[in-house]
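Have a look at the structure below before reading on. Then let's walk through a sheet and a few ring contacts together.

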Amino acid sequence: MRIAIIGPTHPYKGGIAQHTTELAHRLTARGHEVRIESWSRQYPARLYPGQQRVDTPEGTPFVATSYPLSWRRPDSWFRLGRRLRAQASGGPGSGATVDLVVLVVVTPIQAPAYLGILAGLRGLRGLRGLRGLRGRSGGGRSSRDVLALCHNVLPHERRRIDEPPVSAVLRRCSAVLVHTEPQARLAAELTAAPVRVAEMAPHLWTAAGGDMILSGSGSAHAPEAGSSRPSPSRELLFFGLVRPYKGLDVLLRALAAGPEDVRLTVAGEFWGGIESTRTLVAELGLGERVTLRPGYVPAEDVPALFAAADALVLPYRAGTASQNVDLAHLHGVPVVATRVGTLTTSVRDGVDGLLVPPDDPAALAAALRRLYEPGVLTALRAKVTPPDVDSAWDSYLDAVLKPC
């Protein structure tokens, strides 16, 4: 099958770009012909107050990638759709045909671009039946085979104006793929198109070498379950983009009420600035116990951060799916998290981590005290296992390739 994926990839940074790239590699490994159609300019700088690009690839870039899209050029949106439409219909000069378009839905900010692309795709004809899926052929595809792959159907910190444009995009797609059941219910409120659910597959760099885990690249180099590690360092880690829904303020209040000698490193970009966090750290008297490391964390720095931590803490107020659990487990580190999204199933309470209610500093402080009770951290570490990457991707690709 010939597949076009429209979404971010290198040099754009972060989990969604990594996921797009890994998806392309995995589909190619199954024998499909894949292209990524990406962005030369993805967002206006004023709408994304952080670093958008990286110089060093976070894994292996996908060679068959073009960058025709720009937020400043609406004509580029429509042109891409028209080109894919011509390829799908096998029109004169169209080049290779396209059987499936995967539209990576990231944010309502890009809804006008998605709608422009979809407008160019109107009138798709002659898409072939599903072939090449492990030697099987599937049912015939519709005349508008566009899969909306939604990392978040709506933003965690949503506004009233977000819903109409996202609904307009999803209603023009032939199917929607989400990563959790709550997201499926939300998508079903916005479109009559079929909605399918697949748990997000890991798209990680390994602990050794900083490269992505790709199909056929072997197992992740995580510590074996039960392997010996140094005695507790009394160090915790908060990792990733800092936004209000991720609950760093809840963690800081819990840290102030929890074990007095435990320290915290916060490593990641601060959405909207760092000053409010610095103020809260000072107000809570945590200046000697909290290290703020603002800025995007390059892949080569990740192993050392996790090696220094007793546990990763994810105090999210809301969420759908997070790769950070897999990343922690890849490095043999247990996770303390809140009961939101897929954290409730990816962290096994009392086995390889601890779970608490969201937005509850007292409950989180109690969990931190429990973490450092005699034997608890050692027992949690012993049960941490690296993610089964290949199996997870097999299931995920089956969902992507399912006939519409």
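This is a predicted model: local features need pLDDT of at least 70, side-chain atom pairs count only at pLDDT 80 or more; totals for chains, interfaces and linings use all residues.

Residues are numbered from 1 along each chain as its sequence is written, and side-chain values use heavy atoms, leaving out hydrogens and water.

Let's start with the sheet. Six strands line up in the order S10-S9-S8-S11-S12-S13, giving an open sheet with parallel pairing. (Strands are DSSP runs of E with at least two residues, helices runs of H or I with at least four, numbered from the N terminus; two strands pair if DSSP finds at least two bridges between them.) S10 (290-294) and S13 (353-356) are the edge strands, each pairing on one side only. Five bridges join S8 (residues 235-239) to S9 (residues 263-268), and Phe-239 has Ala-267 in S9 as its bridge partner.

Now for the rings. The structure holds three aromatic pairs (ring centres within 6.5 Å; planes under 30 degrees apart are stacked, over 60 edge-to-face, the rest tilted). Tyr-245 and Tyr-316 are edge-to-face, because their planes stand at 75 degrees, with centres 6.1 Å apart.

Finally, two arginines lie over ring faces (CZ of Arg within 6 Å of the ring centre and within 35 degrees of the ring normal):

| Arginine | Ring | Distance to ring centre |
|---|---|---|
| Arg-234 | Tyr-372 | 4.3 Å |
| Arg-243 | Trp-271 | 4.0 Å |

How values were computed: Rings of Phe, Tyr and Trp (its six-membered ring) pair if their centres lie within 6.5 Å; planes under 30 degrees apart count as stacked, over 60 as edge-to-face and the rest as tilted.
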